[in-house]
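Here is a short briefing for a reader new to this structure. Take a look at the model, then read on.

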Amino acid sequence: MSGAGPSEAHGGGPLPGPTGWEEPVPVPLGLSHDVLKSLLGAWALAACSAAETAAVEDHLGDCGACADEARRLREAVGLLHQPEPLDLDPGLRTRVLESCLDRRPPRIPVPGWAAPYDAETARLDALLQDFGDSEWHAPVRLRWFEADTPASRRTTVAGVIAHLMSVDGLVAMALGLGDPLAEVASAREPGPTGRTEAFWRASHFPPTRSVRTPWREQSHHLVRTASFTGGSAGGFGVSYGDFELPLHDALLDRAFECWVHAEDIADAVDYPYDPPAPRHLNKMIDLAARMLPVALAGRRRAGLSAPGQTPHLVPAGAPGRSLRLEIEGDAGGQWMIPLDSPAAQGSADHEVAHVALDGVEFCRLAAGHISPEEAAAGQDGDREVIRDVLYAAAGLSRM
């Protein structure tokens, strides 16, 4: 936690404003298009006067050609600066962004449902920034659960980024962007595992640091396109092969996997890595909780449910037997999980079991990184129901 701010030093109330004068607000100059275009270079270098800056930025909101040129110039200016070392104060980026956004809201803000993906890809990219060849080729073991059994696949740090790029490509295609596996003929299988294996097989050599640039560019395009669509495109589906998620949930799923695999990479190179911000972690937990009823139904169809867990027939939308999932910590909350049908409604009046888990612990269970037996869960009620739900959570994982 940061120290007390100025407002706290005055008893918690707002600080008094300045008296007697106010800083004048720059008035945009009435300049022609050609003059404003000639100022773009100076604007990108922050060398314009306040009035010129106001005029240029007012013009960028109306002229698409100048806005594109301004973006390219700003990106070029960014390349003139050497990358900062990895070990900066981890809160610096957040403080700077919050300060900038408080002063001037972005013209096209990132929607809340895309913010976790934006944050997690940025955090992973910062981790990769200073990696040398030895780190890119460090061995990583991907872990998940299949049919209640732990599964794993050995790859490298570069191989993990190739995996993320391959699966993110499913969202890219749904948004009308290019598929990173378009040149891989055997990648037409839509599932995440098939696409990843096809990409790995098609590589003449094991993936190297060169995979970072296309992955980073793809993630930027996804966030930018999601920002332009706002809330209008959130409902259409993204196919994962054997199931589909709405775009809002698909980007949340990708944020979750990005964090999980970033931890895998950090472990491989012996580097600390924090969980997501609580507001983002809560959205990830909510997605997993909403997917549990479907996972429970899948376990019954596959004959994996514990004996005696025959569903009680209830009409769609009616309350039925439920488990109360309590997630502790800043990202926590409570979810009533319907047990007998995905169409049933969770109900406190029909609660038959209660499970309490730490938020990060629950996510690692849903990622297949710990087994149901290893999950430190407080349990009360029907033990077979609890076992079934914990295994269903582990079964949400995949490579």
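A contact means heavy atoms within 4.5 Å. This is a predicted model: local features need pLDDT of at least 70, side-chain atom pairs count only at pLDDT 80 or more, and totals for chains, interfaces and linings use all residues. Residues are numbered from 1 along each chain as its sequence is written, and side-chain values use heavy atoms, with hydrogens and water left out.

**Overall picture**

- The chain holds 15 helices and eight strands. Both are DSSP runs, numbered from the N terminus: helices are H or I with at least four residues, strands are E with at least two.
- Of its 399 residues, 41% count as buried. Buried means under 20% relative accessible area, exposed over 50%, and partly exposed in between (1.4 Å probe, protein chains only).
- The accessible surface of the chain is about 21,200 Å², and carbon and sulfur atoms account for 54% of that. Areas come from the Shrake-Rupley method with a 1.4 Å probe; for residues, only the protein chains shown count as cover.
- Take the contacts between residues at least 6 apart in sequence: 69% of them join residues at least 24 apart.

**Helices α7 and α9**

- Helix α7 spans residues 115–128, and helix α9 spans residues 157–174. Their axes come within 13 Å and cross at roughly 155°.
- Axes are lines fitted to C-alpha atoms, for helices over the stretch in contact, and angles run from 0 to 180 degrees between N-to-C directions.
- The two helices are therefore roughly antiparallel, a label for angles over 145 degrees.
- On the α7 side, Tyr 117, Leu 124 and Leu 128 take part in the meeting. Their partners in α9 are Val 157, Ile 161, Leu 164 and Asp 168.

**Helix α10**

- Helix α10 covers residues 192–202, and eight of its eleven residues are buried.
- Among the buried ones are Arg 195, Glu 197, Phe 199 and Trp 200.
- The cover over these buried residues includes β1 (139–146), β2 (149–156) and α9.

**His 59**

- His 59 lies in helix α4, residues 50–60.
- With a relative accessible area of 16%, His 59 is buried.
- Leaving aside residues up to four places away in sequence, His 59 touches His 33, Leu 36 and Cys 66.

**Cysteines**

- The whole structure has zero disulfides. A disulfide here is a pair of cysteine sulfur atoms within 2.5 Å.
- Cys 258 is buried at 2% relative accessibility.
- Cys 363 is buried too, with a relative accessible area of 2%.

Technical notes:
Parallel < 35°, antiparallel > 145°, perpendicular 65-115°, else oblique.
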